[in-house]
Amino acid sequence: MHREDNIDQPLGDSRSVQLRDQARHLLAQIAAQFAPATLANSLGLEDVVLTDMIVRAQLDIEMFSIDTGRLHPETHDLMARLESHYGIKLKVFAPEARAVEDYRRNHGLDAFYESLALRQTCCQIRKVEPLQRALAGKRAWITGMRAQQTANRARLLLRQRDETHGLEKFNPLVDWTEQDLWSYVRAYRVPYNVLHDRHYPSIGCAPCTRAIAVGEDVRAGRWWWEAPESKECGLHLATPLRTEAA
Ligand code: SF4
């Protein structure tokens, strides 16, 4: 980061400033009250914003990414740029080689196109199982999920109890719009995935993500062959049992 980047940057309007300050405040609270806390850094626009806030404030919050083995080269490039820009080392989790091998042998490398069950199995092996290892022993899980992203996420909360993983789950950007994200990214010159400039607002694995057309939903490019209600990878399916403001 450059020296001048440490100074608060103009964000254009009071809404952006308020959202930024709320997210910063929540992250500081999590670091102080829920250690060990971790950011699941999926390398999307939301997560680079959270990365910037955490590193800039030098908060005691770990972060990790999952390399499913099917990511775009542009996503690997972003990982390298984040590490170099912030002087950090991303903790990367990979799927179990044996499970990937078995899936490929039994179903085929790209069998996820054939059925919802085979798609969910692939996500289970390449995303969910590594996530479980990454979250083991943590008290809080921070995500970049936003309420606007899909119908499934419309009732998303700032904080919810995740009984599946036995920890608190925080979504500091729950009320942010895509425009809010871009305001922050531009003001603070945050490194981001160049695929966003090629009409990929939401980026996952390469074979399961496509660019979207003007007017399409931001998540339309994810698992585009499936019905909208099934478009989750299994990482965020836990039911919130207790909700409260942090
Ligand atoms: S997004 Fe596609 S390639 Fe990635 S884990 Fe899920 S089904 Fe497999």
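In what order do the elements of the protein chain run from the N terminus on? They run α-β-α-β-α-β-α-α-β-β-β-α-β.

**Before you select anything.** Residues are numbered from 1 along each chain as its sequence is written. This is a predicted model: local features need pLDDT of at least 70, side-chain atom pairs count only at pLDDT 80 or more, and totals for chains, interfaces and linings use all residues.

**Whole chain.** Color by secondary structure. The protein chain has six helices and seven strands. These are DSSP runs numbered from the N terminus, with helices (H or I) of at least four residues and strands (E) of at least two. Of the 246 residues, 38% count as buried. Buried means that 20 or more other C-beta atoms lie within 10 Å of a residue's own; exposed means 12 or fewer, partly exposed is in between, and C-beta atoms are placed from the backbone. Among contacts between residues at least 6 apart in sequence, 74% join residues at least 24 apart. A contact puts two C-beta atoms, placed from the backbone, within 7 Å.

**Select 14-33.** This is helix H1, with 20 residues. From its first C-alpha to its last it reaches 28 Å, close to the 28 Å expected at 1.5 Å a residue. The expected span is 1.5 Å times one less than the number of residues. Now pick out Ser16, Leu19, Arg20, Ala23, Leu26, Leu27 and Ile30, the buried residues of H1. They sit on the same side of H1 because they cover an arc of only 135° around the axis. That arc is taken over the directions from the helix axis to the C-beta atoms. Turn to the face away from the buried side: it carries the exposed residues Ser14, Gln18, Asp21, His25, Ala32 and Gln33. The cover over the buried residues of H1 includes strand S1 (37-40), H2, strand S4 (140-142), strand S6 (167-170) and helix H6 (178-187).

**Step into the core.** The largest nonpolar core holds 38 residues, of which Ile30, Val49, Ile61, Ala140 and Ile142 touch the most other members. Helix H2 (residues 45-56) gives this core its largest share, six residues. A nonpolar core is a set of buried Ala, Val, Leu, Ile, Met, Phe, Trp, Tyr and Cys residues joined through C-beta atoms within 7 Å. Center on Val49. Leaving out residues up to four places away in sequence, Val49 touches Leu173, Leu181, Tyr184, Val185 and Val190. Another core lies apart from the largest one; it has eight residues, among them Cys122, Cys123, Cys205 and Cys208.

**Show the ligand.** Which residues are closest to the ligand? They are Cys122, Cys123, Arg126, Cys205 and Cys208, out of 13 that surround it. The shell divides into seven nonpolar, two polar and four charged residues. From Cys208, jump to Trp223: their C-alpha atoms are separated by 5.2 Å, though they are 15 residues apart along the chain. Trp223 lies in the loop between H6 and strand S7 (240-243). Trp223 counts as buried because it has 23 C-beta neighbours inside 10 Å.

**Backbone stops.** Go to Pro36, in the loop between H1 and S1. The peptide bond from Ala35 to Pro36 is cis, with omega near 0°. Next is Leu43, in the loop between S1 and H2. Phi of Leu43 is positive, near 70°, in a residue other than glycine. Is Leu43 buried or exposed? Buried, because 26 C-beta neighbours lie inside 10 Å. Finish at His199, in the loop between H6 and S7. His199 is not a glycine, yet has a positive phi of about 70°. With 13 other C-beta atoms within 10 Å, His199 is partly exposed.

How values were computed: A residue is near a molecule or strand if its C-beta atom, placed from the backbone, lies within 6 Å of it. Ala, Val, Leu, Ile, Met, Phe, Trp, Tyr, Cys and Pro count as nonpolar, Asp, Glu, Lys and Arg as charged, and the others, Gly among them, as polar.
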